[in-house]
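Good morning, and thank you for coming. Please look at the sequence and the structure while I describe a few places in the chain.

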Amino acid sequence: MQMSLHFDMVDMRLLVSVAESNSVTRGAEACHLSTPAASARIKNLEHGIGSKLFHRTHQGVTLTPSGQAFVLHARQVLAQAYVARVSSGNAKPSRDEVRAFYNDNPALFAERRIYRIRELAVAEPAELAEG
């Protein structure tokens, strides 16, 4: 039996936001979704891959091993989409997007490079003075 998996960029941003906040409610808010809509999106993804992405408790959510792998790939896809969008010259990035791609984990060096590229792209010109 082959499973069908359908997801979009909103799903990937949602998973990353929920993982970072350990909360479906806060992750939904960060993605401008209602909590029931966010929960439904997560459940559809879990059904599509045939594995739970989060352990759910009264204190919040934590990633399962499957969830850790999926979120890692979601971050990479989001970072690649970001670079494609910015390098196309058709869109100017907003400062809010930086937080979605920056991570202190050294294993995610590419994301840190995205942050630096983003930082340089929106930096205001410095005033130089002789003296």
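Ser 51 is located in the loop between H3 and S1; helices (H or I, at least four residues) and strands (E, at least two) are DSSP runs, numbered from the N terminus. Before I continue, please note that this is a predicted model, in which local features need pLDDT of at least 70 and side-chain atom pairs count only at pLDDT 80 or more, while totals for chains, interfaces and linings use all residues. Residues are numbered from 1 along each chain as its sequence is written, and side-chain values use heavy atoms, with hydrogens and water left out.

The cut-offs are under 20% relative accessible area for buried, over 50% for exposed, and partly exposed in between, with a 1.4 Å probe and protein chains only. Leaving out residues up to four places away in sequence, Ser 51 touches Glu 46 and Ser 66, where contact means heavy atoms within 4.5 Å. Ser 51 and Thr 64 are separated by 13 residues in sequence, and their C-alpha atoms are 9.0 Å apart.

Lys 52 also belongs to the loop between H3 and strand S1 (54–57). Lys 52 is exposed, at a relative accessible area of 52%. Again not counting residues up to four places away in sequence, Lys 52 touches Glu 46, Thr 64, Ser 66 and Gly 67. From the C-alpha atom of Lys 52 to that of Ile 42, 10 residues away along the chain, the separation is 9.1 Å.

Ile 42 leads us to the core. A nonpolar core is a set of buried Ala, Val, Leu, Ile, Met, Phe, Trp, Tyr and Cys residues joined through side-chain atoms within 4.5 Å. The largest one has 19 residues, and those touching the most other members are Leu 14, Leu 15, Val 18, Val 24, Ile 42, Leu 53 and Phe 54. At least two residues of this core come from each of helix H1 (9–21), helix H2 (24–30), helix H3 (35–49) and helix H4 (65–87). H1 gives the largest share, 6 residues.

How do two of these helices meet? H1 and H3 pack with their axes 10 Å apart, at an angle of about 105°. Axes are lines fitted to C-alpha atoms, for helices over the stretch in contact, and angles run from 0 to 180 degrees between N-to-C directions. H1 is therefore roughly perpendicular to H3, a term that covers 65 to 115 degrees. In this contact, Val 10, Asp 11, Leu 14, Leu 15 and Val 18 of H1 meet Ala 38, Arg 41, Ile 42 and Leu 45 of H3.

Two further loop residues deserve attention. Most residues other than glycine have a negative phi. Asn 22, in the loop between H1 and H2, has a positive phi of about 55° although it is not a glycine. Asn 22 is partly exposed, with a relative accessible area of 39%. His 32, in the loop between H2 and H3, has a phi near 60°, also a positive value in a residue other than glycine. His 32 is exposed, with a relative accessible area of 75%.

Finally, I turn to the whole chain. The protein chain has 6 helices and 2 strands, in the order α-α-α-β-β-α-α-α along the sequence. Of its 131 residues, 31% are buried.

Technical notes:
Angles under 35 degrees count as roughly parallel, over 145 as roughly antiparallel, 65 to 115 as roughly perpendicular and the rest as oblique.
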